[in-house]
Amino acid sequence: MSLHPTLQPYADAWTHSIESISELVGPLAEGEWNRRTPCPGWSVRDVVSHVIGLDCEMLGDPRPIHTLPRDLFHVTNDHQRYMEMQVDVRRHHTAPEMTSELEYVIIRRNRQHRNETRDPGTKVRGPLGAEITLEEAMRTHAFNVWVHEQDLRAALGRPGNLDSPGAQVARDVLLGRLPQVIADVAAAPRSSAIVFDVHGPIEFLRTIRVDIQGRGTLETAPALGPAATLTLDWETFVRLACGRVAPDAVVDRLKTEGDPELTAAILRNFTLTQ
């Protein structure tokens, strides 16, 4: 195995999630591919198409030349248009075509991981042509594939893997994005602390501190007298953070303490993904 040790956890998380997706969709009847998922505007087929497309881009395959229809209500910006291309081009593919392509992509990506010798800091092409490091690309990809595994599980009524290697990566990715959202988007007061107490298959207690300059940082130390505390289970945290559910729909699954205006602003702006 030539993969850099820093990258191995992301490869392992991807492998676990992608094989779980393959097991989930392999036995599906044709009609089940049209089931709605929590991902806005996307069916089971669309989510699998997106995952296949992401892996094709990790392989360096050329993007499809395809014109999107104008009536896709869920596509409202350039990032969504970019992501929709790999989805729409497969919208009329049959179940056998989908599973065959997924299996072939898994084989190719496993081979790529086995032969990967690049340093984690190597610059690679990210979405919309942005340059990112290989480590960031693999971390984000492992996170995305796990989140879409959860989308499929929700659509198919097959919950699971909330504590898998992909879930561990997702926790770190989401927590890494939390300080900026709390400080900049939710506009938490300067010199304040906001505590997240998450329980369930993955548990953590984290404090977001906003300094006098308005910068947010993530800390493991508990805060005395925080401006707000949000207590919720891990699955609800993920669903909120990934924009899969509105706060009003899960009010019975979370508890808030402290400044009500601040907690409302945090929940209103809690989506940590694009």
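**Cavities and pockets in the predicted model**

A search of the whole structure finds one cavity of 30 Å³ or more. On a 1 Å grid over the protein atoms alone, a cavity is a set of points where a 1.4 Å probe fits but cannot get out; a pocket is an open set with protein on both sides within 12 Å along at least five of seven lines, and lining residues have an atom within 4 Å of a point. Points are joined across faces, edges and corners, and a volume is the space filled by probe spheres set on them. The model is predicted: local features need pLDDT of at least 70, side-chain atom pairs count only at pLDDT 80 or more, and totals for chains, interfaces and linings use all residues. Numbering runs from 1 along each chain as its sequence is written, and side-chain values use heavy atoms, with hydrogens and water left out.

The largest cavity has a volume of about 30 Å³. Its lining consists of His-50, Gly-53, Leu-54, Glu-57, Arg-63, Tyr-82, Met-83 and Gln-86. H2 gives the most, with four residues (helices, H or I, at least four residues, and strands, E, at least two, are DSSP runs numbered from the N terminus).

The largest pocket holds about 1300 Å³ of space. Of its 49 lining residues, His-79, Met-83, Pro-127, Thr-140 and Asn-144 are the closest to the centre. H5 supplies the largest share of this lining, eleven residues.

About 230 Å³ lies in the second largest pocket, which is lined by 15 residues. Two or more of these come from each of H5 and helix H7 (234-241).
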